[in-house]
Amino acid sequence: MEKFGRDIFNGVVSLEISGTMKEIPDSMFFNHLDLKEIFLSNSLCLRAIFSKAFYACNNLTHIAFPSSLKLIYGCAFMECKSLVEISIPPSVKCIESMLS
């Protein structure tokens with residue numbers, strides 16, 4: 001799966017994504033209050049996380065990025081009040097404002 005639509009994961013608490021997805025689109029997980037952790041497999045071809053992808057995921061505590069990630073666009077993690085730490089892999093070349 002290279003792309004998928006918003007709201008497909010409503011009610012999901014933990015999610016692991018692997019395969020050929022290349023991007024997490026704008027507002028993909030917007031306001032997914034149940035989501036606590038997301039694991040993006042290192043085998044994933046993910047290149048970019050777009051603006052507000054995880055906006056207002058208030059219970060998100062953990063996210064693991066794949067080594068293929070290159071770009072994180074603005075406000076990707078805005079209002080993620082439970083997210084205390086993000087480890088950015090050295091492959092990331094551009095980070096716009098991540099929180100606000």
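Tutor: The answer below begins with the chain as a whole and then turns to its loops and charges.

This is a predicted model, in which local features need pLDDT of at least 70 and side-chain atom pairs count only at pLDDT 80 or more, while totals for chains, interfaces and linings use all residues. Residues are numbered from 1 along each chain as its sequence is written, and side-chain values use heavy atoms, with hydrogens and water left out.

The chain contains seven strands and zero helices, and its pattern along the sequence reads β-β-β-β-β-β-β. Here helices (H or I, at least four residues) and strands (E, at least two) are DSSP runs, numbered from the N terminus. Of the 100 residues in the chain, 41% count as buried. Buried means under 20% relative accessible area, exposed means over 50%, and partly exposed lies in between, with a 1.4 Å probe and protein chains only. The accessible areas themselves come from the Shrake-Rupley method with a 1.4 Å probe, and for residues only the protein chains shown count as cover.

K22, R47, K70 and K93 form a patch of positive charge on the surface. Such patches are made of residues with over 30% relative accessible area and no salt bridge; like charges are joined within 9 Å, and nonpolar side chains (Val, Leu, Ile, Met, Phe, Trp, Tyr) within 5 Å. Lys and Arg count as positive and Asp and Glu as negative, whereas His and the chain ends are not counted. The place of a charge is taken as NZ of Lys, CZ of Arg, CG of Asp or CD of Glu. R47 is described as partly exposed because its relative accessible area is 45%.

S91 sits in the loop between β6 (71–72) and β7 (94–95), and counts as buried because its relative accessibility is 11%.

Side chains of opposite charge can pair when their charged atoms come close. The structure has one salt bridge, a term for a side-chain nitrogen of Lys or Arg within 4 Å of a carboxyl oxygen of Asp or Glu. This salt bridge joins the side chains of K81 and E79, at 3.5 Å from N to O. K81 is exposed, at 63% relative accessible area, while E79 is partly exposed, at 35%.

The loops also hold two residues with a particular backbone angle. Most residues other than glycine have a negative phi, and most peptide bonds are trans. A56, however, is not a glycine and has a positive phi of about 60°; A56 lies in the loop between β4 and β5 (62–64) and is buried, at 10% relative accessible area. C75 likewise has a positive phi of about 60° without being a glycine. C75 is placed in the loop between β6 and β7 and counts as buried, at 17% relative accessibility.

Finally, there are zero disulfides in the structure, a disulfide being a pair of cysteine sulfur atoms within 2.5 Å. C80 is in no disulfide, and the nearest cysteine sulfur, that of C57, is 5.1 Å away. C80 counts as buried, at 8% relative accessibility, whereas C45 is partly exposed, at 37%.
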